[in-house]
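Visitor: Could you take me through one part of this model up close? I would like to hear how its pieces are placed, residue by residue where you can.

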Amino acid sequence: MSPKVSIVATDRHREPGPRPDADVTFLPIADDGGVPVYDDSVPELIEELLAARLTAGTWHPLTECEFVSSRGVLTDTLLQIAVGISSSAGWYALQTLLRRRGGQQLRVVAIFDDGTERRRAEVTGEADDVVQALTTLNPFGSEPT
């Protein structure tokens, strides 16, 4: 089954996006009465990125965040990640992390900002298919060296 993919231009001021000082910025997947909600896998993913010598973090200070593993029956088996990507190193590292989730259902929302236009790509499907779709998007134009 092929992944569901959508790419749209967005209003750069409506939602958080990539931080210029981080390779990967994890974004909230929801807001619960003013409290940003992140998937509970985010701290582990941040640690993996930091171990790979990349800069990564959440958009909001950790003390203001809620981390949840599920928000209902539909999401019980779905890993949801929202990220702002500001470097090719972050882009390829994210793909590597997602490849390790082989067989798992993923929903990835990635936001890229080139300084002129902000684009939002959303991909949902099995991990290998999601990574393949993200590889095809290639917002940074070249493979890592």
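Predicted model: local features only at pLDDT ≥ 70, side-chain atom pairs only at ≥ 80, totals over all residues.

Guide: Strand E8, residues 105–113, is mostly covered, with seven of its nine residues buried. Its partner is strand E9 (residues 118–126): E8 and E9 run antiparallel and are joined by nine bridges. To pick out one of the pairings, Arg 107 has Thr 124 in E9 as its bridge partner.

Now for helix H1, which spans residues 42–51 and has Val 42, Leu 45, Ile 46 and Leu 49 buried. Viewed down the axis of H1, these buried residues fall within an arc of 100 degrees, so they line one face of the helix. On the face of H1 turned away from the buried side sit Glu 47 and Ala 51, both exposed. After H1 comes Arg 53, with a positive phi near 65 degrees.

With a relative accessible area of 7%, Ser 41 counts as buried, because the cut-off for that is under 20%. The side chain of Ser 41 makes a polar contact with the Asp 39 side chain at 2.9 Å. Leaving aside residues up to four places away in sequence, Ser 41 also touches Leu 79 and Arg 101.

Note on methods: Residues numbered from 1 in each chain as written. Heavy atoms only, no water. Buried < 20%, exposed > 50% of the residue type's maximum accessible area, 1.4 Å probe, protein only. Helix = DSSP H or I, 4+ residues; strand = E, 2+ residues; numbered from the N terminus. Arc of directions from axis to C-beta. Polar contact = N/O pair within 3.5 Å; in protein donor to acceptor, adjacent residues only side chain to side chain. Contact = heavy atoms within 4.5 Å. Pairing = 2+ DSSP bridges.
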